[in-house]
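Let's take a walk through a protein together.

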Amino acid sequence: MSKKIVKPSTYLIEVKSLSDRLVKAQQPIRILDAIKWDDSIKQEFFKGHCQKPPLITTDYYQNRSLGFDPTEKKYEFYQIERDLVRKLGQLNPLSVIMRRICREYQDVVRMLEARGTPIFSNISQELYGSSQDVFHVGDPTIANLGSMMEATLSQLVQLDFLAEEPKTINAKDAVAILNEKIESVFPGDGLRAMLSDGIVADAAAGTDYIKLRADALFNMRDLRVLEVHEIWVHLGTTLNGLAQPYCTFLGKGPPSATVTQEGLAVLMEILTFSSTPSRLMRLINRVRAITLVEEGADFMDIFTFFIDKGLDEEESYTLSSRVFRGSSSDGLPFTKDLTYIKGFVLTYNFMRLAVSKGKPDRIPLLFCGKTMIEDMKVLVDLVDEGTVMAPRFLPPQFRDLMGLSCWLSFSRFMSSLNFRQLEKDYANIL
């Protein structure tokens, strides 16, 4: 790394001022709150014995206030973008990053304005991706990657000795267990687990909290997954981002950062041996569901898809509504759930490449805040010059890079070899 350069204090003050404005501008934007389906929709669906699709129209979403004026909010981000050019310059790396975030939030506002219409899903695909996206020409699509993983997982989930233990821990007890874990990792930082009635998933991370759905049940492995996924990654990167002295925008994640966030979180589950074949299969099923909707399936098709996967009606409804939230029951999907697999592939390969290039010290910088892999080269320079602070918190696997470097180097080595004949030989043994 280059020799540290002390930036003029006026420059850093300007960076912080603009960054703070960006953070403040995005605060009232709550994507998941704006697109969720009320319990009344679920109750009506079950009242009809799960035979008729939920009646979701544009009027339903229009009656859900965004909590801000869309026109004013888009203009606010435009003004910040213009001031970034005026005060930091058009080519300044931080200006480039923050202007891209401004434009992304403008897209988010446009997406929310278009709830219940095809435009909502079109913008969702721009922000989070589509199941038909590829990384390069000739690569498998995201849908193909899901199918490739499903081929192996479908065998494993049938094995009795790999079955998940029963879920016997209620949400209240789970909150108490997670709060103990949070206090041991982040003592005195004010982070907490709490109950919530207003989320679709069993759990979700916020700025300084992790929410558990009040009626959800867990087992100890579930709580371990929540610890490494939600606490170590999502809360940890938020804490590191909020601790930034100048680039405070790293404490808040636009949709583009969701890809890196979820990729890191899934990778952490695997690195810590916390995940299960059933857990990964659930992620793959979400990818498959989005793929089916992009190919023309409606809500009832997806509900039946999950029922056929062995899920009960409650969970099948919950997962189906995840796919269609923000849309109509016969519309296009909300594609955020693609980021788990997409992000895992991108993050894992970034780490492998960093090790093969002799730069494993770049890997911990993913935890500086809500980062994007595409910004890593700039982030290295910003950390080196003191504009961005190195992550205050790192999961244990990233504090000492020796073990991780060895694992990743062998992973890259093995993937470069062709063991097809050896696999055939071993097939006779197995």
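**A walk through the model**

To be in a patch, a residue needs over 30% relative accessible area and no salt bridge; like charges are joined within 9 Å, and nonpolar side chains (Val, Leu, Ile, Met, Phe, Trp, Tyr) within 5 Å. A salt bridge is a side-chain nitrogen of Lys or Arg within 4 Å of a carboxyl oxygen of Asp or Glu.

Before we move on, a word about what you're looking at: this is a predicted model, in which local features need pLDDT of at least 70 and side-chain atom pairs count only at pLDDT 80 or more, while totals for chains, interfaces and linings use all residues. Residues are numbered from 1 along each chain as its sequence is written, and side-chain values use heavy atoms, with hydrogens and water left out.

Helices (H or I, at least four residues) and strands (E, at least two) are DSSP runs numbered from the N terminus. K377 counts as exposed because its relative accessibility is 68%; the cut-offs are under 20% for buried, over 50% for exposed and in between for partly exposed, with a 1.4 Å probe and protein chains only.

Another patch is nonpolar: L159, F161 and L162 make up about 290 Å² of surface. L159 belongs to the loop between α8 (142–156) and β1 (169–170), and it's partly exposed because its relative accessibility is 33%.

Now hop over to the loop between α11 (255–271) and α12 (277–294), where you'll find S275. Is S275 buried or exposed? It's buried, because its relative accessibility is 16%. Its side chain makes a polar contact (a pair of N or O atoms within 3.5 Å; within protein, one must be able to donate a hydrogen and the other to accept it, and residues adjacent in sequence count only if both atoms are side-chain atoms) with the side chain of E269, at 3.2 Å. F273 lies in the loop between α11 and α12 too, but it's exposed at 71%. F273 also has a positive phi, near 55°.

Most residues other than glycine have a negative phi. H49 is not a glycine either, yet its phi is positive, about 60°. You'll find H49 in the loop between α3 (39–47) and α4 (58–62), exposed at 62%.

Definitions and conventions:
Areas by Shrake-Rupley, 256 points an atom, 1.4 Å probe, with all protein chains shown as cover.
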